[in-house]
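Hi,

Here's the structure I promised to pass on.

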Amino acid sequence: MTEGRVRVLMAKAGLDGHDRGVKVVARALRDAGFEVIYTGLHQTPEQVVNAAVQEDVDAIGLSLLSGAHMTLFPRILSLLAEQDATDIRVFGGGTIPDDDVQSLKALGVAEIFTPGASTVDIVEWVRTHVGESAVSGR
Amino acid sequence: MVRDRTLEEEYRIWEEERYGRDRSASFTTLSDHAVKPLYSPLDTSPESFPLDIGWPAEFPYTRGIYGNMYRGRLWTMRQFAGFGTARDTNRRFHYLLQHGVTGLSVAFDNPTLMGIDSDDPRSVGEVGRTGVAIDSLADMEVLFDGIPLDQVSTSMTINAPAAVVLAMYVAVGEKQGVAPEELTGTLQNDILKEYIAQKEWIYPPAAGVKLIVDTVEYTIEHMPKYNPISISGYHIREAGSTAVQELAFTIADGMTYVEACLARGLDVDSFAPRLSFFWNSHIDFFEEIAKFRAARRIWARLMRDKYGAGNPKSWLMRFHTQTAGVSLTAQQPENNIVRTALEALAAVLGGTQSLHTNSMDEVLALPTEKAVEIALRTQQILAHETGVVNTVDPLGGSYFVEALTDDMERGALDYFKRIDELGGVLPGIDAGFFQRELGDAAFHYQRQLERREKIVVGVNEFVTSAPSDIPVLKIDPEVERSQIAGLTELRTRRDDEHVSAALARLQSAAERGDNVMPFVLDAVRAYATVGETSETMKRALGAYREPAFV
Amino acid sequence: MDNSGIDGRVATLTERLLRGDRRAAGRLISTIEDDSASVEQIMRAVYPHTGQAYVVGLTGPPGAGKSTVVDELIRVLRESELRVGVVAVDPNSPFTGGAILGDRIRMMRHAADPGVFIRSMGARGHLGGLAVAAFNTALLLDAMGMDIILVESVGVGQSELEITGAADTTVVVIPPGMGDGVQAIKAGIMEIADVFVVNKADHPQAERTVADIRELLRMDPSPPDWLPPIVRTVATQNQGVDELWRVVQRHRQYLEQSGELRRRRKRRVEREIVGIAEVRLRAQVLNPKLATTEFETMIDQAAERKIDPYQVVERVVPRSSDAGR
């Protein structure tokens, strides 16, 4: 199976060290045929966005369990805009309360997966929202 | 009565004649350990009572470390708390003390855990979010305002900058007129599990262990009532390990600390009685109870037989337990009250010395006061209503529990052998052994959930679409601004020359390899910040960078 | 797609790349990886702007700490204000299906540095081969103005040797305690190694590994003008990598003074030309004939031993009249 070489950058922004979820999702995306670039823990939004541009990924998946989501997601979106890279889709996961999910989506975060989300759903979402649409949109 | 059949024959006949058809092909624990349909005397040996089970307060302590356990004294109900500024958390502490908690437990925010100040650009958005923001002694003074440190024992969940926070605690005591000798409490101070699981680090592993030995040495000399390390399996489990991995990796970490202290020239009986442990209590009831019982037994055997400790107090594994945060679900969050109650019951039946019960909303954010109160009431119901405290180790002798306890011990010993082959815990971390074991276990469990081989109510079965409407605690962004303002003000108020001189002395001490504690204390007393102190030591000890293991 | 005209998008991206635009660089690398039709246009546009950068290849077995060495090298180079491009190749990722590329975790402290550009590359795709894609990526980074390009590849197999073998200086990173392993990887490695690094040199077995490598070098019957030095590093503690860079510079000096650099680069261009020619020949001459039913029939006949493979080839690609004289 081929995904037309869809590349996804999986990142942990901020200072929290909970990487169980991000690694499980990275493995699930790999098994589904995606090329995953994992940038490791404790990254600043600048590092994440610069890596995304250099790696020319189709999407950034951001994992946050630190409560800093209302700071870090908007920062990443605005850095992407500065770098002429708003076509890179941003999705995320973590302990994010419902009303914050709505605010983040309004700001341009494509999707948020909260605790209990299955990797099957995440893979399916990436397949439909990142795969083909991003490739044909180029 | 004389038997005309052997037990094995009786079992076989029972299985053929009495046992019906199972509703599932296999039954396994949460950690995927196979469970048999029935346990009987066939699963234990006649020697198991004298050798492996024995009496409470006697070697190998499988049944508990105290003779009369909760008939003598209930466990300490210790609720982990911390958010916002020191002032906010101080208020929560007073609330908890009024409602009957018997020990405090401080949660620090991510910048503090990483040894970074609140005004550092990397801290943006994180100040006071998942714990209390502490930048300097000034914040610690506020945190313990009105709390007499000679009467309330305090546990502090801090690791990479543990030496700095311990020094601040000592300095707050000084201000209150409480000598270090009088201070009681526990410092988590377990850096190895940070590299393995929790990932809040500053220095490379060997330097991290060296700092821990420094704090142990310091407390032996100056703080006889204080526990300098809480060797923690909790985070290893939260990061995805199985019960056996939690048990094995944590005790392996413990052995590493013991060996490092011995290498420093400390007498095993001088420090071993102050080592304590911290376990996770997950949702698989009997597996957890077996884990706690096996842990005590393994540790007692290691301390007596491998490390030659002569003082029976050195053989005792005292431990704190927290219910499993990772077992909580964002869906139907009220169900979490039930999960936490069962996990807490397992911890009590496993003989814990202190317990934190999670609040139902912790999967969404920091807990509200109401949710914390329910969690605390859960412990009080266990202690005062259920009667489970009336006898010591009520499950001792259960064929199933004893067999599972043996399995746990065997599983841990197998891992010890593998870790030895790798050269020990530090080379194992370098090689990514633990990180990969955890990643594999977490991924395996996730797959089981998705194939619905494991069921979580509200997540992959009995799902409802009704949104939860429990209230969620929000941290006001104003917290960050006021914390930074306070820090800026401190930087102008304090004597900078004094600070720089103390930090310079600290750096040379760290470079020489001296015990840094007296120098950290001086820096802290001069109001050097957590960030400045950590940065100074980093210049001497180096910085840790994450290896690439996915 | 119309290949005869100039693809406007690619042309614009190429112009932007030559101005040092990082977004364009990222895009173009993907394009040469994914879309073989555009490769010629892109590479022709950038070629006149290449040849400025010095390319260092780093290879070695998994677990040797290459990414950490690369990370430290970036630090050393940035202190000299050199602009650094990195191509981190993981040839061991599966050819089909997905991959997790994690090499750049080690280098993330340089991610936001405008003087550094890091690109990870997995094994999938790459019709012309992974080595060609890595090499072309290095050319793009060269064209965008990088002074030094580090090409990192895991492993010591043939494809890894091809990837790093195209470098000006090739560094082989060996972890301590390989014992017989050093012997085992001798083939191929000894030929391409210009510098050896024994990383994790604080390990108790490090000196033994240094001695093993030295022994292997001594056994080489014809000692070359350049005897590969062995550098000890503890990259996680920032030790030895400054020395490694000094050794690489010394090697560069040797290559320049001896004329070897010109010879190496010439051979590299030659290999490149031959490679491109082979691809074209295959596409123009061979592939159309291989796609015929006639060819299928001949395979059947050869399988049944009615004709032999040489006869098939003679019919597909007839020997020129003067060949074989």
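Before we start, one term: contact means heavy atoms within 4.5 Å. Also keep in mind that this is a predicted model.

Let's begin with helix α1 of chain A, residues 20-31. This helix lies across β1 (7-12), β2 and β3 (59-64) of chain A, together with β3 of chain C. Its direction is at about 170 degrees to β1(A).

Those strands belong to an open sheet of six, in the order β5(A)-β4(A)-β3(A)-β1(A)-β2(A)-β3(C), with parallel pairing. At the edges stand β5 (111-113) of chain A and β3 (99-101) of chain C; each has a single partner strand, so one side of each is left without a neighbour in the sheet. From one strand to the next, the twist averages 25 degrees.

Where do chains A and C meet in this sheet? Look at strand β2 of chain A (residues 35-38), which pairs with β3(C) in the parallel sense over three bridges. There you can find A:Val36 opposite C:Ile100.

Now over to chain B and its strand β7, residues 275-281. How many of its seven residues are buried? Seven of the seven.

Strand β6 of chain B (residues 229-232) pairs with β7(B) in the parallel sense over four bridges, and B:Ser232 has B:Phe278 as its bridge partner. Strand β8 of chain B (residues 318-323) pairs with β7(B) over six bridges, again parallel, and here B:Trp279 is partnered with B:Thr321.

A cis peptide bond, with omega about 0 degrees, joins B:Phe59 and B:Pro60. You'll find B:Pro60 in the loop between α2 (48-53) and α3 (69-72).

Then there's B:Met69, which isn't a glycine but has a positive phi of about 40 degrees. B:Met69 sits in helix α3 of chain B. Is B:Met69 buried or exposed? Its relative accessibility is 7%, so B:Met69 counts as buried.

B:Tyr527 isn't a glycine either, and has a positive phi of about 70 degrees. B:Tyr527 is in the loop between α22 (517-525) and α23 (530-541) of chain B, and with a relative accessible area of 17% B:Tyr527 is buried.

Cheers

Conventions. Residues numbered from 1 in each chain as written. Chains lettered and ligands numbered in written order. Predicted model: local features only at pLDDT ≥ 70, side-chain atom pairs only at ≥ 80, totals over all residues. Heavy atoms only, no water. Pairing = 2+ DSSP bridges. Helix = DSSP H or I, 4+ residues; strand = E, 2+ residues; numbered from the N terminus. Axes fitted to C-alpha atoms, helices over the stretch in contact; angles between N-to-C directions. Buried < 20%, exposed > 50% of the residue type's maximum accessible area, 1.4 Å probe, protein only.
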